[in-house]
Amino acid sequence: MHHASTDSTGNTARPARRTVLAATAALTAALAVGPATTAAAAPDDERKLRALISRMSLEEKVGQLFVMRVYGHSATAPDQADIDANLQEIGVRTAAELIEKYRVGGIIYFVWAHNTRDPQQIADLSNGIQRASLALPRGLPLLVSTDQEHGIVCRVGRPATLFPGAMAIGAGGSRSDARTLGRISGTELRAIGIRQDYSPVADVNVNPANPVIGVRSFGADPDAVAGLVAAEVTGYRHAGVAATAKHFPGHGDTSVDSHYGFPVITHSRELWETLDAVPFRAAIRAGIDSIMTAHIQFPALDPSGDPATLSRPILTGILREELGYDGVVVTDSLGMEGVRSKYGDDRVPVLALKAGVDQLLNPPDLDVAWNAVLTAVHTGELTEERLDQSILRILRLKARLGLFDAPYASHAGVERTVGTPAHLAAADRIAERTTTLLVNEGALLPLDRRAHKKLLVVGADPASPSGTTGPPTGVLAAALTELGFTATALSTGTAPSTATIDRAVAAAADADAVVVGTYNVTAGSSQRTLVRRLLATGRPVAAVAVRNPYDVAQLPEVRAYLASYSWTDVELRAAARVIAGRVGPRGKLPVPVMRADDPAQVLYPIGHGLAY
């Protein structure tokens, strides 16, 4: 049972904060940096940060480099199942014990770790984490992070404001909208105690078969991607949250998912300069606070066969020295297969630090990784000075984000900030500019409320990224009903069986028109059979590609096809408004769609998008 007093944001926060910060009062005063400060730390601040580092034990220094997952909705009183999971995976019961034992510098939140139930709970968890750390001798504030990309990767769900994902923003093409997304998302994250967001994705998605990036990318044109990346970074900086450009040196042209395999990027150095590097350069110019590495092999940049995460030529030679970046470098999760396939879990963190990494994210076994770094210092493979360099970057970032001055969230701040009507309305307006009309033969769309009063909505219902939205067919049906239609939802899944298809065809007999949501349609997908059988009924059929816009190439017989680029509510409601003619379609393809029968030929180029 979670008691309000355990992680409350009431009076318990203040004495703890006062006690701890009294010990570093001079530092606090010096580091009372406003959230949107962009200048480097002043010399006086630097001296105080270095003095802090000089007082840290070696064990505390090692801990400061790690950002770790932990199960539970509370820092001190998680549910028993989460205590059991923590004991099994980390050897501690709670976040507070994790911090005390390993002195970690950061914690990453996940939906599956039960960290993100609702905004007030997240604020309490964040406060409990800060209080646990600041109560320790020489305790430092933690950097709490998460992957809030919006669209298909989202850890904080409703009632927080959820925006369209990157490819949808790419279709809208508005830097102002990208900046607004960063500012509002950052403001809400900061209100619940999350100060580092692993977003935006700066990868240029030039491979339609990319299984891991895809619609998480702003598109296939490097300059367009760069402009949107820089704009979103500016928004996050304005909100006082560290944005993170990922996945350096560029994960956009792979057909292998680095969670499960070890991708190889075959671009030449010249192509990298003009394609993959462009958004990262723009992010650095925009003042990006952190950059995340990719677990990919990039032989043109480093022929050793090592993943970029462990590559000194890539991280120090190119990112630090050539691109001039001196901010925080964070690894992608060290539990992913792409970084574990060549070296053991005890070597990976040491090699990452030797390559130039600052933050070691989510190792599969923290005890193994933590002790490996400690041992490497004892044996001389790593110097304490090398650790100090990374810790200084991490503490500079914490100072710039105001963590030394104001580490706590408040319930009043959550109420005032998270999911406000103004924020939700901004997300809806932005979404309306992203929906893309790819095909509209015979002006089938918009549907007419009189001629097409009864609608059947069928299609795939992939799981909600945040666990708080969907199901897509239900959301579309409800939105269309609100717009004056009578819509019924029938979930047919991503691989509909013959029986399911028969059910959908029978239901279509009672409808005036059918709306079908398609999801990553391939040549052998039974979604194609579903759509063809629905078309054979003679009912008008409009399709919405709820993830990859490439679906349209697999279904050339569909007369009206929209792309929403994600299946979260805000994008589907916008698509419904376009279907109903309440707004016109304004999105333009940010990636080319190639022909299914001849993938070398462009079916719809970048910039394609019809209007009413």
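Tutor: First a term: axes are lines fitted to C-alpha atoms, for helices over the stretch in contact, and angles run from 0 to 180 degrees between N-to-C directions. Helices (H or I, at least four residues) and strands (E, at least two) are DSSP runs, numbered from the N terminus. This is a predicted model, where local features need pLDDT of at least 70, side-chain atom pairs count only at pLDDT 80 or more, and totals for chains, interfaces and linings use all residues. Residues are numbered from 1 along each chain as its sequence is written, and side-chain values use heavy atoms, with hydrogens and water left out.

Student: OK. At what angle do α15 and α16 cross?

Tutor: Roughly 55°, with the axes of α15 (residues 348–355) and α16 (residues 366–379) coming within 8 Å. That makes α15 oblique to α16, because angles under 35 degrees count as roughly parallel, over 145 as roughly antiparallel, 65 to 115 as roughly perpendicular and the rest as oblique.

Student: Which residues make the contact?

Tutor: P349, V350 and L353 of α15 and A369, A372, V373 and A376 of α16. Contact means heavy atoms within 4.5 Å.

Student: New topic. Is D569 buried or exposed?

Tutor: D569 counts as buried, at 8% relative accessibility; buried means under 20% relative accessible area, exposed over 50%, partly exposed in between (1.4 Å probe, protein chains only).

Student: Where is D569 found, and what does D569 touch?

Tutor: D569 is in helix α24 (residues 569–579). Not counting residues up to four places away in sequence, D569 touches R158, T469, G470 and V475.
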